[in-house]
Amino acid sequence: MFILTTISDLIQIQPEEFGKTSAQAIKDSINTKYANKVIQQVGVCICLFDLTKSSEGNIGHGTGIVNVNAEFRLLVFRPFQGEIIIGHIKISDPTGIYVSLDFFDDIYIPEALMPEGVRYNAVEKVWVWDTDDSELFYDNNETVRFRVENEHWDTNEERPPYRIIGSMTISGLGPVLWWEETREDIEAARQACLAGAANGDAEMEGDA
Amino acid sequence: MKILKAQNALLTNWEVAEILRDEGDEYAGTDATARNRKPPSNLKDVMTGASLYLARPSQPFNTPTATYTPAAIAGPISLVARLSPKYKLTKAEYIMLLNVRPVNLIEFEMVVDEAGARFAESEQWEILEVLKEVLGLMYEKPPEAQANGKK
């Protein structure tokens, strides 16, 4: 979900920043330029991770701005295809569910990538999954897991520059509380498996 | 701007939470290095959002019994060191084991591709046991009777 990206760039330090040590001035300048910005095909920049190289500063004529050639690594949000991510439902509409991670919410789960048998409840404005014996709701703010299926990059400023298309079809995805089991139930399943494996071995030995 | 390497490391959510905490401390001046200063507003926005996300109780490393430490992530007693001699898992799968922290077979199969074909059920349980030893117990649904009986 988070990666490091190495970048080289000309970093400018304004004269007002001269009160800071150069390390802090360069860091703040990089963060001002990159934090919360999308670099196409790279991801959403969070902040500077580390500065790996920097030149002497050259003072620009007339402006007093110091130019520094810097090489640095940024902490970037860029999930990989197939990644399972925890988020929460922001809102739903008749086409699908929008998921938020607080700092990033251009995540969309279309109806086609939800389990078979889901329907939209237009009164409550939520999606519902009808199982054999109950109705399960995809309520707003519910903690959910989704799988990253696709990403969309866009340079048109009127649209989000980076969007993620996710799915909730495989078992374990969707609201987390649907899948929660008690510690006792999990331990019982584990013991049953171990007992089964032991019996299997015994039978095989018996056959031999 | 020139991108020298688009991707040179994958970090776990726990590591990112630690980095953001240190960054916040530096700007707030609470790390005893006297570097406190006002963060750029765009940095503040994204750090506030990301810190909120990573502080949510739904993050496995925030459960009271979790034991995420630097040693659990890398080094001789890390999750990778414990599992890699016996099981073949990809880097992406390790990231998800750490970020999503499966507790049962459904969740294991959710993060490990073709888990059923690659591992016997008993092996899957064994991996989940190692996860428990290295990363601590996960929150699991409390037994019904107890939940009703208390409070």
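Mentor: A salt bridge is a side-chain nitrogen of Lys or Arg within 4 Å of a carboxyl oxygen of Asp or Glu, and across the interface of domain 1 of chain A and domain 2 of chain A this rule finds zero salt bridges. The model is predicted, so local features need pLDDT of at least 70 and side-chain atom pairs count only at pLDDT 80 or more, while totals for chains, interfaces and linings use all residues. Side-chain values use heavy atoms, with hydrogens and water left out; residues are numbered from 1 along each chain as its sequence is written.

Chain A is divided into domain 1 (2-77) and domain 2 (84-182), bounds that come from an automatic or database domain assignment. Ten residues from domain 1 of chain A and nine residues from domain 2 of chain A make the contact, which is counted for heavy atoms within 4.5 Å. Between them the two domains of chain A bury about 760 Å², 79% of it on carbon and sulfur atoms; buried area is the accessible area (1.4 Å probe) that two parts lose on being put together, summed over both.

On the side of domain 1 of chain A that touches domain 2 of chain A, β2 (38-39) and β3 (43-54) each supply at least two residues, and the largest share, three residues, comes from β3(A). These strands are DSSP runs (E, at least two residues), numbered from the N terminus.

Technical notes
Chains are lettered from A and ligands numbered from 1 in the order in which they are written. Helices (H or I, at least four residues) and strands (E, at least two) are DSSP runs, numbered from the N terminus.
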